[in-house]
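Colleague: I have just opened this entry and am new to it. Could you take me through it?

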Amino acid sequence: MRNSSSVLRSGLTVAVAALPLALAAVPAVAAPGISVSTTGSTVSVTTSSCTQINGSWGTASLLTSSQGSFAQGRQVTLSGTSTSQSAAWSNVSPGTYTVIVVCSDGTTAGTQSVVVSTAPSPSRSASPSASPSRGVMGGVGGSATDYGTVTLVAGGTLVGAGLLGTAWYLRRRNKPYRL
């Protein structure tokens with residue numbers, strides 16, 4: 001019984017800890033009728049609330065925090081079909097903006113705030129490349145130099161002579177001293 005109550009308590013603790021994360025994962029709900037998104041320095045709005053009157057769907061306006069009315073913002077005419085209308089603004093500076101959509105019949109389809117952040121700096125991604133033909137060629141010094149056969153044979157001879165000299169010295173040292 002003791003184990004089940006601790007499991008229940010830890011389960012509740014995890015559920016309570018996960019609640020803010022679950023609430024944060026829910027996308028921000030816009031005002032009924034519009035959806036605003038940003039990609040880099042471009043802000044776009046879509047709606048399905050407007051009807052076409054005299055060939056016009058309506059107008060969308062992008063207001064900065066210092067602008068107070070629809071007429072003061074950057075206005076763009078909505079384009080689209082009877083199921084979806086949209087507008088976009090490019091080269092928008094970083095900051096907080098308000099998007100207002102007014103249909104051609106004079107009704108407001110919705111209002112939503114949006115934050116445009118600075119464009120991320122380009123990041124380098126690892127791309128696959130062909131393997132070097134002579135190995136990794138890492139290290140310090142002449143490890144990337146391609147030595148000829150004579151140099152390699154001479155080096156091998158020196159290493160072999162060093163090993164033979166070391167073996168002779170250690171073997172001779174183990175023998176008792178004789179007169």
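Predicted model: local features only at pLDDT ≥ 70, side-chain atom pairs only at ≥ 80, totals over all residues.

Colleague: How many helices and strands does the protein have?
Modeller: There are 2 helices and 8 strands; these are DSSP runs numbered from the N terminus, helices being H or I of at least four residues and strands E of at least two. Their order along the sequence is α-β-β-β-β-β-β-β-β-α.

Colleague: And what share of the residues is buried?
Modeller: Of the 179 residues, 16% are buried, where buried means under 20% relative accessible area, exposed over 50% and partly exposed in between (1.4 Å probe, protein chains only).

Colleague: Which strands form the open sheet of 4?
Modeller: The order is β1-β2-β6-β5, with antiparallel pairing; two strands pair if DSSP finds at least two bridges between them. β1 (34–39) and β5 (79–80) are the edge strands, each pairing on one side only.

Colleague: How many bridges join β1 to β2?
Modeller: There are 6, and β2 covers residues 42–47. Ile-34 has Thr-47 in β2 as its bridge partner.

Colleague: Changing topic, where is Ala-71 found?
Modeller: Ala-71 lies in the loop between β3 (58–64) and β4 (74–77).

Colleague: Is Ala-71 buried or exposed?
Modeller: Ala-71 has a relative accessible area of 62%, so it counts as exposed. Its C-alpha atom is 7.7 Å from that of Ser-61, 10 residues apart along the chain.

How values were computed
Residues numbered from 1 in each chain as written. Heavy atoms only, no water.
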